[in-house]
Amino acid sequence: MNGPITQAGQGGVTEWTCPMHPEIVRDRPGECPICGMALEPRVATLDDGPNPELADMTRRFWISTALALPLLIVAMADMLPGHLVDRLISGWPLVAVQAVLSGPVVLWGARPFFHRGWQSVRTRNLNMFTLISLGIGVAWTYSTAVILLAVTVPSSIPDVARGPGGVPHVYFEVAAVITALVLLGQVLELRARSRTGSAIKALLGLAPKTARRIEADGTEVDVPIDLVRIGDRVRVRPGERVPVDGMVDEGRSSVDEAMISGESIPVEKTVGDKAIGGTVNGTGGLVVRAERVGADSVLAQIVRMVGDAQRSKAPIQRLADQVSGWFVPAVIAAAVITFVVWALVGPEPRLTNALVNAIAVVIIACPCALGLATPISVMVATGRGAGAGVLFKDAAALEKLAQVDTVLVDKTGTLTEGRPVLEGVEALPGFEPDAILRLAAALERASEHPLAQAIVQAADGRGLALPAVSDFRSITGQGVVGIVEGRRVIVGNAGLLEAEHIDPAGLVKRAAERRADGQTVVLVGLDGKAAGLLAVADPIKASAPEALRALRAEGIRVFMVTGDNRTTAEAVAKRLGIDGVEADVLPAEKSAVVERLQREGRVVAMAGDGVNDAPALARADVGVAMGTGTDVAIESAGITLLKGDLRGLVRARVLSRATMRNIRQNLFFSFVYNVLGVPLAAGVLYPVFGWLLSPMVASAAMSLSSVSVIGNSLRLRAIKL
């Protein structure tokens with residue numbers, strides 16, 4: 001093997017692996033020696049170019065289809081009413097047209113299948129490409145050979161191998177149509193696989209490309225992020241992403257850490273607090289001293305976890321490859337035995353009859369139905385799911401969802417709406433709730449904090465006119481103070497009221513009760529007195545209770561795993577009857593919860609909507625993303641619920657179970673035809689009834705098995721979700 005190569009646009013060595021067999025790692029692109037699939041880079045990059053494998057298969061599919069469709073129409077001319085086409089072309093001209101049209105399809109369109117089929121034989125890892133290349137090759141080679149024999153040695157072709165006018169039966173259309181169908185499957189599969197790196201690319205897109213480094217002499221310079229070292233100090237201006245993991249050296253600000261915690265409420269940062277690269281700074285300025293950079297950063301770790309988890313999944317097509325491991329040798333053995341028996345004890349012409357019947361065995365065992373059994377069901381099911389607001393990313397998600405017995409759900413954006421709203425206003429004696437809300441909203445209008453926005457929106461919703469504010473002051477981590485209509489208004493926590501010499505004792509008990517119910521409480525003081533409180537919460541989605549009841553009714557255990565604090569998480573879990581809670585967890589810990597349950601033998605589905613959920617979504621047996629969430633979560637998950645409604649997960653599971661049942665039926669149909677057809681094609685009934693199954697009948701039986709599989713799969717369109 002030559003030395004390692006580098007991926008375009010990258011400076012280092014790129015490793016290539018098989019998505020179905022991650023233990024296969026190579027230093028260059030190629031095919032997997034086990035399953036024959038094209039290898040792909042282990043790590044996606046932002047500057048990956050178009051997938052050359054997808055482009056090649058797409059080109060082969062369209063050209064092959066353009067040639068196969070007219071070939072099929074011409075070949076089936078005698079089945080049309082009144083033999084419409086047969087009047088225009090028949091006999092040897094018809095055979096010539098078939099040969100001309102099928103040649104490019106088989107010799108060029110199916111070339112990758114022949115290559116992979118040969119590799120499977122050479123490496124003794126028989127797979128679907130073995131079957132595909134065998135079916136296409138035998139049908140086309142036999143057809144070509146029988147034409148040559150009919151032209152050069154007409155007497156060598158027995159009547160059983162001839163049709164009307166003495167023209168030999170040929171199977172060019174079988175070879176061409178199989179090629180086009182398999183190419184279509186490859187295109188669909190490659191398109192789905194090309195999206196697996198999108199989640200990592202989305203994560204990489206969160207990382208700033210430059211940082212504003214503060215030099216030893218105090219000057220500031222923008223440098224590429226790769227040049228930042230541990231100990232360097234970087235300035236983070238309002239609205240910028242934090243470039244490195246580190247500690248705040250200077251400044252105060254609110255930082256949106258939704259990509260880590262999943263929570264919509266920003267976190268107050270001051271000197272000594274930790275800052276995480278990729279999070280978004282608010283309105284204040286910060287100076288951060290770098291502690292972790294490059295591959296050691298939290299964001300880089302998330303990228304690695306998503307990539308590793310995605311590669312650990314196996315597509316449902318593996319089932320067909322496992323079956324083909326014994327199916328191909330059995331078919332070949334049956335064909336060889338048929339040839340030998342007919343050649344030794346069959347009627348004259350023995351060799352010709354032996355060849356015809358052996359070919360009939362191979363053709364009737366053509367892998368078309370077996371190859372269609374899974375992808376057709378998946379195609380119909382995914383279309384049906386899309387109509388019901390459920391998007392399946394791949395067939396593996398369809399397969400695994402039917403087996404799920406445990407569901408983990410994130411809180412914010414999954415069980416809740418993901419945006420805070422005002423839940424209530426409580427006033428102490430001598431104060432009016434609407435007056436408290438109006439004055440507090442007037443003051444909060446100058447703030448960009450999400451809690452402030454919820455208060456202002458509530459006041460607007462009640463039609464309260466907000467007066468002007470003077471002497472506005474924001475105290476980081478505590479609240480805001482100002483003058484409204486000549487009154488001194490304080491909105492914040494108990495510490496702020498005490499700092500303003502206001503006793504909050506009258507509000508403490510009720511505030512604690514509100515917090516126990518999962519609400520965030522803001523206290524209000526007016527003119528040196530405690531006036532009341534505002535309770536803000538992220539409301540539970542109206543559909544969540546119904547969805548959770550439906551899941552529990554099927555024997556599925558439901559757990560909440562969230563980055564939110566335990567008090568709020570347990571309050572929500574209690575209201576929804578959730579079995580257990582994991583709170584205050586970081587992304588790596590969410591993924592660890594999934595792994596722990598998997599080690600206990602559970603089949604786990606994870607439902608979430610944030611960047612922080614991406615590793616757990618990818619690590620779970622089935623990741624379920626809310627369509628209202630982040631692109632990273634959606635790309636990391638195997639299933640996306642477009643409406644962000646957990647009831648979609650219930651519908652998805654119904655569809656998954658029906659699809660797997662349908663696939664098993666399809667496999668049964670395809671094998672029944674082979675179990676019944678192979679002995680008939682071999683001529684087991686000839687000694688008793690004198691019956692032989694001609695290759696043309698074998699071809700019709702093969703087509704019938706495919707029609708049965710397709711028809712059965714189409715029933716999924718009518719399933720009630």
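# A tour of side-chain contacts

Start by selecting Arg-212, Glu-220, Asp-222 and Arg-235, which are linked in a network of salt bridges. The model is predicted. Across the whole structure, a search finds 29 salt bridges. Side chains of opposite charge can pair when their charged atoms come close.

Next, select Arg-237 and Glu-240. They form a salt bridge whose closest N and O atoms are 2.9 Å apart. Glu-240 is partly exposed at 25% relative accessibility, and Arg-237 is partly exposed at 34%.

Move on to Arg-510 and Glu-426, where the side chains meet in a salt bridge at 2.6 Å, N to O. Arg-510 belongs to helix α17 (residues 505-516) and Glu-426 to strand β15 (residues 421-427), so this pair ties together parts 84 residues apart in sequence. Arg-510 has a relative accessibility of 32% and counts as partly exposed.

Then show Glu-554 with Arg-657. Their side chains meet in a salt bridge of 3.6 Å, N to O. This pair links distant parts of the chain, 103 residues apart: Glu-554 is in the loop between α18 (544-553) and β21 (557-561), while Arg-657 is in helix α23 (residues 647-682). Glu-554 is partly exposed, with a relative accessible area of 34%; Arg-657 is also partly exposed, at 41% relative accessibility.

Now go to Arg-60, in helix α1 (residues 52-75). At 11% relative accessibility, Arg-60 counts as buried. The side chain of Arg-60 reaches the backbone oxygen of Trp-108 at 2.4 Å, and the charged end of Arg-60 sits over the Trp-108 ring, 4.9 Å from its centre.

Select Trp-140 and Phe-172: the ring centres are 6.4 Å apart and the planes are at 70 degrees, so the pair is edge-to-face. Trp-140 lies in helix α4 (residues 128-152) and Phe-172 in helix α5 (residues 172-194), 32 residues apart. Trp-140 is buried at 17% relative accessibility, and Phe-172 is buried with a relative accessible area of 1%.

Ile-332, Val-336, Ile-337, Phe-339, Val-340, Val-341, Leu-344, Val-345 and Leu-355 make a nonpolar patch of about 780 Å². Helix α9 (residues 318-345) supplies the largest share of this patch, 8 residues. Val-341 is in helix α9 and is partly exposed at 43% relative accessibility.

Key
Residues are numbered from 1 along each chain as its sequence is written. This is a predicted model: local features need pLDDT of at least 70, side-chain atom pairs count only at pLDDT 80 or more; totals for chains, interfaces and linings use all residues. Side-chain values use heavy atoms; hydrogens and water are left out. Rings of Phe, Tyr and Trp (its six-membered ring) pair if their centres lie within 6.5 Å; planes under 30 degrees apart count as stacked, over 60 as edge-to-face and the rest as tilted. Helices (H or I, at least four residues) and strands (E, at least two) are DSSP runs, numbered from the N terminus. Buried means under 20% relative accessible area, exposed over 50%, partly exposed in between (1.4 Å probe, protein chains only). A charge sits over a ring if NZ of Lys or CZ of Arg is within 6 Å of the ring centre and within 35 degrees of the ring normal. Patches are made of residues with over 30% relative accessible area and no salt bridge: like charges are joined within 9 Å, nonpolar side chains (Val, Leu, Ile, Met, Phe, Trp, Tyr) within 5 Å. Accessible areas come from the Shrake-Rupley method with a 1.4 Å probe; for residues, only the protein chains shown count as cover. A salt bridge is a side-chain nitrogen of Lys or Arg within 4 Å of a carboxyl oxygen of Asp or Glu. A polar contact is a pair of N or O atoms within 3.5 Å; within protein, one must be able to donate a hydrogen and the other to accept it, and residues adjacent in sequence count only if both atoms are side-chain atoms.
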